[in-house]
Amino acid sequence: MTFTVETDERLTTVDVTESIAAAVPDDCESGTCTAFVEHTTAALVVQENEPRLRGDLESFLRDLVPDSGHAHDELDGNADSHLRAALLGPDVTVPVADGEPTLGTWQSVLLVECDGPRTRTVSVTTTEA
């Protein structure tokens, strides 16, 4: 199953936990769920969905990777986006029990947009144990 996410800023986070949960079949007793963002300038992370922490994550990525000065910028000006997404990775895998992703109390799945605004596609697969 796939779903899309609309982003409205160059570097931002979007909670996609509910969309991933909706993609897990109700009859999946136990197993794993993998979500994969189909882009090289976006990422997925498991993290707390708290606005200040999300802002801290965005600031951390801005501080860690400068906006400009990269060789790839000569091609299309978004090397920073590729580098930020590469640090985080395109996928997350979480356990599934009773048809639901099993996340901790404060855990959510966040899409990290590094080159927005864009429309992003996330694919979700479930494997039963």
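Phe-60 comes out as partly exposed because its relative accessibility is 48%; buried means under 20% relative accessible area, exposed over 50%, and partly exposed in between, with a 1.4 Å probe and protein chains only. This is a predicted model, in which local features need pLDDT of at least 70 and side-chain atom pairs count only at pLDDT 80 or more, while totals for chains, interfaces and linings use all residues. Residues are numbered from 1 along each chain as its sequence is written, and side-chain values use heavy atoms, leaving out hydrogens and water.

**A surface patch and its helix**

Phe-60 sits in helix H2. Together with Leu-64 and Leu-87, Phe-60 makes a nonpolar patch on the surface, and the three share about 310 Å² of accessible area. Patches take residues with over 30% relative accessible area and no salt bridge, joining like charges within 9 Å and nonpolar side chains (Val, Leu, Ile, Met, Phe, Trp, Tyr) within 5 Å. The areas come from the Shrake-Rupley method with a 1.4 Å probe; for residues, only the protein chains shown count as cover.

Now to the strands. An open sheet is built from three strands in the order S2-S7-S4, with antiparallel pairing. Strand S2 (12-15) and strand S4 (42-47) are the edges, each with a single partner strand, so one side of each has no neighbour in the sheet. From one strand to the next, the twist averages 30 degrees. Strands (E, at least two residues) and helices (H or I, at least four) are DSSP runs numbered from the N terminus, and two strands pair if DSSP finds at least two bridges between them.

S4 and strand S7 (residues 108-113) are joined by six bridges in the antiparallel sense. Within S7, Glu-113 stands opposite Ala-42. Helix H4 (residues 79-88) packs on the sheet, touching S4 and S7, and its direction makes about 35 degrees with that of S4. Helix H2 (residues 51-64) lies across S2, S4 and S7, at about 140 degrees to S2. Contact here means heavy atoms within 4.5 Å; axes are lines fitted to C-alpha atoms, for helices over the stretch in contact, and angles run from 0 to 180 degrees between N-to-C directions.

**Charged pairs**

Side chains of opposite charge can pair when their charged atoms come close. The whole structure holds seven salt bridges, each a side-chain nitrogen of Lys or Arg within 4 Å of a carboxyl oxygen of Asp or Glu. Among them are these:

| Salt bridge | Closest N and O atoms |
|---|---|
| Arg-10 with Asp-80 | 2.7 Å |
| Arg-10 with Asp-115 | 2.5 Å |
| Asp-67 with Arg-84 | 2.7 Å |

Arg-10 is partly exposed at 33% relative accessibility, whereas Asp-80 is buried at 0%. Asp-115 lies in the loop between S7 and strand S8 (119-128), so its pairing with Arg-10 ties together parts that are 105 residues apart in sequence. Asp-115 is buried too, with a relative accessible area of 5%.

Asp-67 belongs to the loop between H2 and helix H3 (73-76) and Arg-84 to helix H4, so this pair ties together parts 17 residues apart in sequence. Asp-67 is partly exposed at 49% relative accessibility, while Arg-84 is buried at 1%. Through shared partners, salt bridges join Arg-10, Asp-67, Asp-80, Arg-84, Asp-115 and Arg-118 into one network.
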